[in-house]
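User: Could you take a close look at the salt bridges in this structure, and describe which residues take part and where they sit?

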Amino acid sequence: MTLFPSLFSRRLLLIGSALFLVNIAHANEQSSNDIAARIAPVGKVCIEGQACQQEASVTPVADTAPAKEYTGRSGEKIYHTYCIACHSSGAAGAPRLGRVKEWQPHIAKGMDTLVKHAINGLGAMPPKGFCADCSDEELAHATQYMVDKSQ
């Protein structure tokens, strides 16, 4: 009797261990400022009838500056750091990069749906696909990279 009787179990354990180690290594690279910015409050709760401090300058939505240029990690870098473990081998049914037939049904659902699945997870893929520190925008770029390489 062996501890891991099937080849599938051994591969799954190997992939899981590799992803765990990659996330630990990446988490050590984060600065305190990055962490503080990510967990900073995004708003206030004011209860009707009680005094509530208003922000000094509230900018109307119409007057906001145009969207700034994307400065996050490239979709290719995110793919090769986090997504490659499953999307190169097809682990747990993941469509493999460059396999048009495997990607067609997913691409047919539209980019919004694909990005939503990347963010929230789908089937065996966990939310953010093991990239806990990826922003939604970075996941959208990684998803676009995989779609571009698989059409």
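Analyst: What follows is a close look at the salt bridges and their surroundings. The model is a predicted one, and it holds 3 salt bridges.

I begin with Arg73, which forms a salt bridge with Asp133, the closest N and O atoms lying 3.6 Å apart. This pair joins distant parts of the chain, for Asp133 belongs to the loop between helix H5 (111–120) and helix H6 (136–149), while Arg73 belongs to the loop between helix H2 (32–39) and helix H3 (75–87), with 60 residues separating the two. Arg73 also forms a salt bridge with Glu138, and here the closest N and O atoms are 3.0 Å apart. That pair, too, links distant parts of the chain, since Glu138 is in helix H6 and Arg73 in the loop between H2 and H3, 65 residues apart. Taken together, Arg73, Asp133 and Glu138 are linked in a network of salt bridges.

As to burial, the cut-off is a relative accessible area under 20%. Asp133 has a relative accessibility of 19% and therefore counts as buried, and Arg73, at 18%, is buried as well. Glu138 and Arg73 are both buried.

The remaining pair to describe is Arg96 with Glu102, a salt bridge whose closest N and O atoms are 2.3 Å apart. Arg96 has a relative accessibility of 24% and so counts as partly exposed, and Glu102, also at 24%, counts as partly exposed. As a general point, side chains of opposite charge can pair when their charged atoms come close.

Technical notes
Residues are numbered from 1 along each chain as its sequence is written. This is a predicted model: local features need pLDDT of at least 70, side-chain atom pairs count only at pLDDT 80 or more; totals for chains, interfaces and linings use all residues. Side-chain values use heavy atoms; hydrogens and water are left out. A salt bridge is a side-chain nitrogen of Lys or Arg within 4 Å of a carboxyl oxygen of Asp or Glu. Helices (H or I, at least four residues) and strands (E, at least two) are DSSP runs, numbered from the N terminus. Buried means under 20% relative accessible area, exposed over 50%, partly exposed in between (1.4 Å probe, protein chains only).
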